[in-house]
Each structure stands twice: as structure tokens, then as C-alpha cells.
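Here is a short report for a first look at this structure. Keep the model open while reading.

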Amino acid sequence: MSMLFGAIEAGGTKFVCAVSDKELNILERVSIPTTVPEETMAEVFAFFDKHDVVSIGVGSFGPIDVNKKSKTYGYVTTTPKKGWTNYNFLGALKERYDIPVAWTTDVNAAAYGELKKGAAVGKDSCLYLTVGTGIGGGVVIDGKIINGYGHPEVGHIIVKRHPEDTYEGTCPFHKDCLEGVAAGPSLEKRYGVKGHELEPTHKAWEIEAYYLAQAIMNYTLVLSPEMIIFGGGVMKQQQLFPLMRESYTKQVNGYVATPELEDYIVPCALGDNAGITGCLLLAMEEI
């Protein structure tokens, strides 16, 4: 019998749990609604109780504590998700299973999956940005997920306002940070319909691309990754990619060199499997 590895992609809407072999062949996979910890974790345990996994990789919605020196390492911290604030996620898993567990954010796991098996194969670094209900990102440099005192919160950088945009922003903490002006809810609040209902030629996409390109410029100046990869529901609007590349070129104004933009600003290759793939790879590295 080959070793089996477990993965948990813990989202605010659903948990995806999977078991694979060392070749990343997924043997079983389930989707569990994210309700309160007692209910959701009971279903997680019921799934993994059936499988003799040797390690588990977890990519969780956040914010989470990833600082191994912290007393609350392994906790979900200040999330607005009911019941999950200050929840000891890692502790609950360790109490149930006496095996190694890798612990990171869902977007870090997705970034790692894309680096190893997706759009950034052959690279040493990438940034993965998901643009949907919120905006979050994971960073991998020299093949390692970047954390410091905490994990990066690249969705909350402050951006310069588009001259034609008067919307105040949806973020309850910052109003017009990147998430506040460019996440899915900001499109709906501005225009009264969900983003996917807007025409591809609507002015909204030019404004959206302006904000995302500004973020790309900031990430490029600070991190200089080899590739910036986009996922999430908003980024299914394929017209955004040429608009972002054009806006980025204008905004960076020739200051720094980057790869060809068609190879630098790209959609994710693994789609909805980026996170679960990253979690499985991280589980394997725990052994």
C-alpha cells in the first residue's frame, strides 16, 4: 500500500477535503458547507477517519496565525465568519490525528500549487491573487511560501483612486483599499448588478483593470516575482487581462523591466484545483 496524503482547503463558504497518493491522484474528495466549527469539523473528521493518511495539508480562510512562535499559532483569528473567531483549527486536527499537519492560508496553498504544478512550473517565484468576494494573495519566493510575523494581506494595500470612480469602497476597515474598490461586491454596489452581468465592454472593466494593474505595479516593485497569477470569480472575465497589461504598462512607465506581459500577468492554470493541489504538496513535504 502506498502512502496516502490528506488536504483541506478551508473556505468561508465550503471546505474541500481530499485524499491522494504520492502521484497526486485524488482517490476521494468531498465538499462540506462551512457552518459553525462543531458541525463542519465533525464532517471533516468523518471523512478522514475513513482514510489512513500520513499527513494533512491545510489551506485556510483567514486571517489565521501562521507564526510558530505565537501562542495562537494554528488559530483562525479575526474572521467575521460566525463561530470561527479565535478557533484553534490546527489544535482540533492535532487532537484528532497524531500526524504532521502543514498549516497555511488558502491563497498561499494556491500559490504553491500553481508554482509546482500550474502556471508557474519551472519558476522559483510567483504571486497568486484571487479576486472574488474578497481579494487575497499568496507569495512564493525561492520555492518557499512567504510569511513573517503573519501572512501577507496583499488585498488590503491602499490604491490611488481612478479619476472617474466616486465609489467609497466596501472594506469595513479601510474603505478604498484594493479589496474595497476591486473585489466582486464593489462592482455590484457601484452598478447595481453582479459583475458577470455587465457587458465585456462596460466602463467598469477599465476601472477594475486600473486598480488591479496598480496593485501589480506595487507587487512588482516590492517583490519582483517571476509571474503574477490571477484566480477567483471576477477574473473569469477574460477581457481583464489585456486591459490590465495595458494599464500596467502605462502606470509603471518603463521604470522596471519585467518578462513579456503575456507571460507575467496570467490566469491560473489549475483553476479550482490550485488550493487543494497546494495543500497536498505541502502535506507530502511534512513527511
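## Two positive phi angles

L24 is found in the loop between strands β2 and β3. Helices (H or I, at least four residues) and strands (E, at least two) are DSSP runs, numbered from the N terminus. L24 is not a glycine, yet its phi is positive, at about 70°. Its relative accessible area is 22%, so L24 is partly exposed. The classes are these: buried is under 20% relative accessible area, exposed is over 50%, and partly exposed is in between (1.4 Å probe, protein chains only).

D142 also has a positive phi, near 50°, and is a residue other than glycine. D142 sits in the loop between β9 (135–141) and β10 (144–145). D142 counts as exposed because its relative accessibility is 64%.

## About the model

This model is predicted: local features need pLDDT of at least 70, side-chain atom pairs count only at pLDDT 80 or more, and totals for chains, interfaces and linings use all residues. Residues are numbered from 1 along each chain as its sequence is written, and side-chain values use heavy atoms, with hydrogens and water left out.

## The sheet

In what order do the five strands of the open sheet run? The order is β3-β2-β1-β4-β7, and the pairing is mixed. Two strands pair if DSSP finds at least two bridges between them. β3 (26–33) and β7 (101–105) stand at the edges. Each has a single partner strand, so one side of each lacks a neighbour in the sheet. On average, neighbouring strands are turned by 15° against each other, direction ignored.

β4 (residues 53–60) pairs with β7 in the parallel sense, over five bridges. V58 stands opposite W103 of β7.

## Helices on the sheet

Helix α2 packs on the sheet and touches β1, β2, β4 and β7. Its direction makes about 165° with that of β7. Axes are lines fitted to C-alpha atoms, for helices over the stretch in contact; angles run from 0 to 180 degrees between N-to-C directions.

Helix α1 (residues 37–48) lies across β1 (4–10), β2 (14–20), β3 and β4. α1 runs at about 10° to β2.

## R96 in helix α2

R96 belongs to helix α2 (residues 89–96). With a relative accessible area of 44%, R96 is partly exposed. Which residues does R96 contact, leaving aside its neighbours within four places in sequence? They are F45 and D49. Contact means heavy atoms within 4.5 Å.

The side chains of R96 and D49 are joined by a polar contact of 2.5 Å. A polar contact is a pair of N or O atoms within 3.5 Å; within protein, one must be able to donate a hydrogen and the other to accept it, and residues adjacent in sequence count only if both atoms are side-chain atoms. R96 and F15 are 81 residues apart along the chain, and their C-alpha atoms are separated by 18 Å.

Leaving aside neighbours within four places in sequence, T104 contacts V58, G59, S60, I64, V66, A109, I145 and L282.

## A cis peptide bond

The peptide bond from G62 to P63 is cis, with omega near 0°. P63 lies in the loop between β4 and β5 (75–76).
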